[in-house]
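Please brief me on the pockets, cavities and helix packing of this model. Keep it short and grouped by topic.

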Amino acid sequence: MPGSSASLSPALPKADLSHLPHLPVTPFLGHTLDVVRDSYGLHRRSKDAFGPIYRFKLLGLWRVALHGPDALEFILTDRDCLLSSHHGWDALHRLFPRGLMLRDFDDHRRHRRIMQGAFRAGAMAHYHQRIAGEMDALVANRPLGRAFAFYPAIKELTLRIGAAVFMGLPLDDPRTGQLNRAFIAEVMAALSPIRRPVPFTPMARGVAGRLFLTQTFRDLIKERRLREGDDFFSQMCRATDEDGTHWTDEEIADHFNFLLMAAHDTTASALAALVWALGAHSEWQDRLVAEVDALPDGQPDQAALDTMVMTDRAFRKVLRLVPPVPFIPRRAVRDFIWAGVDFPKGSFVTVMAGATMLSSELYTDPHRFDPDRFSPNRAEDRRHRFAWTPFGGGAHKCIGLHFSTMQVKLFTASLLRRARIGLPEGPQVEWQRMPIPRPKGGLPVVLSPRM
Ligand code: HEM
């Protein structure tokens, strides 16, 4: 029943979606390979052929795709508790079970309220200080004057920051490399067509990654329950429900397995897109350099970050062009009708946040890099409450929105004070869009020292 944790039970019927059109499918695989190779292309072709509602077959199941800001608003706001996030994110069940995004209704609200404590102003000020204090040293590790692959480097940097801030690990902790490899294995397994952990398959590597991560978290829990650390992990080990019960070791390990992945992979993807855009658009890089040069000396505090409006606009822009989470899935726990279409109980629905943010009905010349479209006098993102949704919306809206914005600004200030960004191979970069966008070839960049 919606509203209770019983909704986590897997007993939803397979829905008959035969009333909806679809592009031709490959036997057994459906559209899975199209999604892995060029998900935007598949959805563009389907929308051109059938309009904003159609079906596609991914990982053995038919799913309904919905485009447009009204669909995003209806599905994500979910006023009548019609839709389960747990059942929608079925591809993550084996890898990230019981993470916050995989919980529903009352159970989700209870867990989110506890986690929210770690993102209040006081806690954020503590993270800010910790990140600002370390960012220069992390950025200074990057070579100057010669090409290096930016994407793996930024992924490692964001994970080190996440492990330091959320788990209280030292920045040079040798376990961070192993954590990174385990997270990569988990994320790559999410879209693997072989869904069982058959030896040597991505799913087997993903499940092994999960075991390593949850064991690492369990070892830390014992230690942290005993001491008064102010990092997020220590707080979660001591946090209690309204009725005074602690989260179990298993709950904490599951939350961290999901939270750390959500925190570092998405931000790394967004920072890679930002660096690519600044390398390709030197006039925008000039504007951000000027903004960074106008900051007071030393580590930027929150007031200084608030002045970085050009960085904010450029960041918003790359999240629109290369959103780390372009598709948001749900599953109907009851029958409903929307836009005249029947959605029987058990239907998988996916809202197309990425494609909607590239729609010419909402944005002028939507593929152009033009961060000023977010300026107060143009405000194209305000054309609809759900026109700009890289962080989702409704009950599951990203809990780390402000954290990632802070991290992006601190990184930009640290990097552009030190160097200018160049792209040795020209502005054309291809993006592997799934499961989380990453630049093919790792995004070679050259950082030239500033005089
Ligand atoms: C650019 C960076 C990021 C993007 C684009 C992003 C995007 C998203 C989106 C779209 C959702 C909603 C998914 C849904 O409705 O099914 C989400 C949820 C979530 N994100 Fe983020 N995220 C980012 C960074 C972060 C960071 C830094 C953290 C943690 C510090 C984080 C933690 C979470 C968590 C825990 C959820 C689940 C929330 C819930 O279910 O209540 N994210 N994120």
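How many nonpolar, polar and charged residues are in the lining of the second largest cavity, by class? Five are nonpolar, three polar and two charged. Here Ala, Val, Leu, Ile, Met, Phe, Trp, Tyr, Cys and Pro count as nonpolar, Asp, Glu, Lys and Arg as charged, and the others, Gly among them, as polar.

This is a predicted model: local features need pLDDT of at least 70, side-chain atom pairs count only at pLDDT 80 or more, and totals for chains, interfaces and linings use all residues. Residues are numbered from 1 along each chain as its sequence is written, and side-chain values use heavy atoms, with hydrogens and water left out.

**Cavities**

- Five cavities of 30 Å³ or more are counted. A cavity is a set of points, on a 1 Å grid over the protein atoms alone, where a 1.4 Å probe fits but cannot get out. Lining residues have an atom within 4 Å of a point.
- The second largest cavity holds about 60 Å³ of space. Volume is the space filled by probe spheres set on the points, and grid points are joined across faces, edges and corners.
- Its lining consists of A132, M135, D136, G298, Q299, P300, L410, A413, S414 and R417.
- Two or more of these residues come from each of α5 (121–140) and α15 (401–418). Helices are DSSP runs of H or I with at least four residues, strands are runs of E with at least two, and both are numbered from the N terminus.
- Helix α15 has the largest share of this lining, at four residues.

**Pockets**

- The largest pocket has about 950 Å³ of space. A pocket is an open set of points with protein on both sides within 12 Å along at least five of seven lines.
- Its lining has 36 residues, and Y40, R44, L358, H367 and R433 lie nearest the centre.
- At least two lining residues come from each of α1 (32–50), α10 and α14 (353–356). The largest share, nine residues, belongs to α1.
- By class, this lining has 16 nonpolar, 10 polar and 10 charged residues.
- The second largest pocket has a volume of about 350 Å³. Its lining has 20 residues, with D306, D312, R316, T405 and K409 closest to the centre.
- Helices α12 (302–306), α13 (309–321) and α15 each give at least two residues to that lining. Helix α15 gives the most, five residues.
- Nine residues of that lining are nonpolar, four polar and seven charged.

**Packing of α10 and α15**

- Helix α10 (residues 249–280) packs on α15 at about 40 degrees, with the axes 11 Å apart. Axes are lines fitted to C-alpha atoms, for helices over the stretch in contact, and angles run from 0 to 180 degrees between N-to-C directions.
- That angle makes α10 oblique to α15. Under 35 degrees counts as roughly parallel, over 145 as roughly antiparallel, 65 to 115 as roughly perpendicular, and the rest as oblique.
- T267, L271, L274 and V275 of α10 meet S404, Q407, V408, F411, T412 and L415 of α15. Contact means heavy atoms within 4.5 Å.
- Six of these contact residues are nonpolar, four are polar and none is charged.

**Backbone details**

- The M434 to P435 peptide bond is cis, with omega near -5 degrees. P435 sits in the loop between β10 (431–432) and β11 (438–439).
- F105 is not a glycine, yet has a positive phi of about 50 degrees. F105 is in helix α4 (residues 105–116).
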